[in-house]
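I am opening a notebook on a structure that is new to me. My plan is to look up one topic at a time and to write down what I find.

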Amino acid sequence: MTNNHKKQTIRDTLYHAAELLKQRKITSAHLDAEVILSFVFKKPKEYLYTYPEKLLSKPQSIIYKKLVNKRAKRFPVAYLIGRKEFFGLDFIVNKNVLIPRSETEFLVEQTLAACLRQGYGRQATARSEKNNLTIADIGTGSGCISVALAKNLPRAKIFATDISRRALQTAKLNARHCGVNVNFMCGSLSTPLKNKKIDIIVANLPYLPHIYKHESIKHEPRLALYAGKSGLELYEKLFQQIARLKYQPIIILIEAGTIQMKALTKIIKKNLFNAKIKTIKNPNNKQKIISIET
């Protein structure tokens with residue numbers, strides 16, 4: 001977009017922004033233009049179509065053009081507006097954390113289903129419920145998994161670990177913002193949990209091999225994306241740690257890429273000899289969940 005500050009209507013502004021983004025091969029051009037303008041106005045998207053003839057002020061126009069130009073360079077929308085929806089909740093995101101992916105909601109769904117199988121859930125009565133159920137989210141990042149679980153399992157005790165103190169700061173903000181209590185712990189994978197009794201471990205660790213490169217992830221933290229040559233170095237380390245835990249979890253649920261399932265299964269069997277392993281296909285077929293009962 002140009003730096004011409006002549007006042008434009010919401011309708012014209014959206015049109016020109018979407019055209020620019022389409023020229024830059026941004027497939028979500030219209031949606032991105034809307035989301036960014038809603039952010040600038042601090043109004044819901046419906047406002048833009050209720051008042052299409054409303055003029056942008058000069059400051060609004062300047063801010064919007066700056067953000068759209070960044071998006072044209074494939075800067076993620078979530079980082080531009082500092083927000084991302086996940087599992088029906090509004091999460092704060094920044095350069096210190098991976099942007100929550102919609103496919104990871106499937107991991108949360110499977111974890112909630114596992115909790116129900118253990119006799120725990122929002123619908124369970126206080127008498128039948130296992131009030132001491134504990135869940136640990138390993139490599140929590142923005143806290144999207146642990147916070148979503150805490151929101152849906154108000155009686156559970158939720159732990160969340162991450163090696164990045166900056167990521168944990170963001171996760172704590174999200175827990176506070178969503179009104180839940182999560183016990184955040186800094187350390188490598190499950191190390192902070194070595195003397196705790198954890199019933200369910202859930203993890204969506206970095207699983208990209210270091211040679212993988214893509215335009216869509218270049219602005220996100222490498223620490224949250226890559227895990228060595230195979231992409232499985234962190235999962236291998238995690239299962240080595242789990243095998244040495246004082247108390248073994250009942251269930252472990254992890255997310256990884258489809259092509260990594262066989263290699264991951266070998267890692268699990270090597271460390272947890274008697275584990276029952278089940279692969280659950282994500283509806284989009286790009287990621288799968290591995291469920292392990294120890």
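I begin with a term that I shall need throughout: a residue is buried under 20% relative accessible area, exposed over 50%, and partly exposed in between, with a 1.4 Å probe and protein chains only.

**Entry: what kind of model this is.** I note that this is a predicted model, in which local features need pLDDT of at least 70 and side-chain atom pairs count only at pLDDT 80 or more, while totals for chains, interfaces and linings use all residues. Residues are numbered from 1 along each chain as its sequence is written, and side-chain values use heavy atoms, with hydrogens and water left out.

**Entry: confidence.** I looked up pLDDT, the predictor's confidence in each residue on a scale from 0 to 100. The mean pLDDT of the chain is 92, and 94% of its residues reach 70 or more. Over residues 124-129, pLDDT stays under 50, and the model has nine contacts for this stretch beyond four places in sequence, a contact being heavy atoms within 4.5 Å. I remind myself that where pLDDT is low, the predicted coordinates should not be read in detail.

**Entry: cysteines.** I searched for disulfides, meaning pairs of cysteine sulfur atoms within 2.5 Å, and the search of the whole structure finds zero. C115 is in no disulfide, and its nearest cysteine sulfur, that of C144, is 16 Å away. C115 counts as buried because its relative accessibility is 0%. C178 is likewise in no disulfide, with the sulfur of C144 as the nearest one at 10 Å, and C178 counts as buried because its relative accessibility is 7%.

**Entry: the cores.** Which residues have the most contacts inside the largest nonpolar core? I take a nonpolar core to be a set of buried Ala, Val, Leu, Ile, Met, Phe, Trp, Tyr and Cys residues joined through side-chain atoms within 4.5 Å. The largest one has 35 residues, and I135, L149 and L153 are those with the most contacts inside it. Among the elements that give two or more residues to this core are α6 (105-117), α7 (144-152), β4 (157-162) and β7 (251-257); helices (H or I, at least four residues) and strands (E, at least two) are DSSP runs, numbered from the N terminus. Leaving out residues up to four places away in sequence, L149 touches V108, T111, L112, I135, I158 and V202. Apart from this core lies another, of 28 residues, and its members include F159, I198, A203 and L232.

Entry: I followed T111, which has its place in helix α6 and counts as buried because its relative accessibility is 0%. Apart from neighbours within four places in sequence, T111 is in contact with L149, I200, V202 and L253. I then turned to T265, which lies in helix α10 (residues 261-271) and counts as buried because its relative accessibility is 19%. With residues up to four places away in sequence left out, T265 touches I277 and I290.

**Entry: aromatic rings.** For rings of Phe, Tyr and Trp (its six-membered ring), a pair needs centres within 6.5 Å, and planes under 30 degrees apart count as stacked, over 60 as edge-to-face and the rest as tilted. The search of the whole structure finds five aromatic pairs. One of them, F41 with Y47, is tilted, with 5.8 Å from centre to centre and 45° between the planes. F41 is buried, with a relative accessible area of 8%, and Y47 counts as buried at 16% relative accessibility. The rings of F86 and F91 have centres 6.1 Å apart and planes at 75°, so I record the pair as edge-to-face; both F86 and F91 are buried. I also find that F41, Y47 and Y51 form one aromatic cluster.

**Entry: two backbone angles.** I note that most residues other than glycine have a negative phi. K25, in the loop between α1 (10-23) and α2, has a positive phi near 65°, and K25 counts as exposed because its relative accessibility is 63%. F87, in the loop between β1 (83-86) and β2, has a positive phi of about 55° although it is not a glycine, and F87 is partly exposed, with a relative accessible area of 21%.
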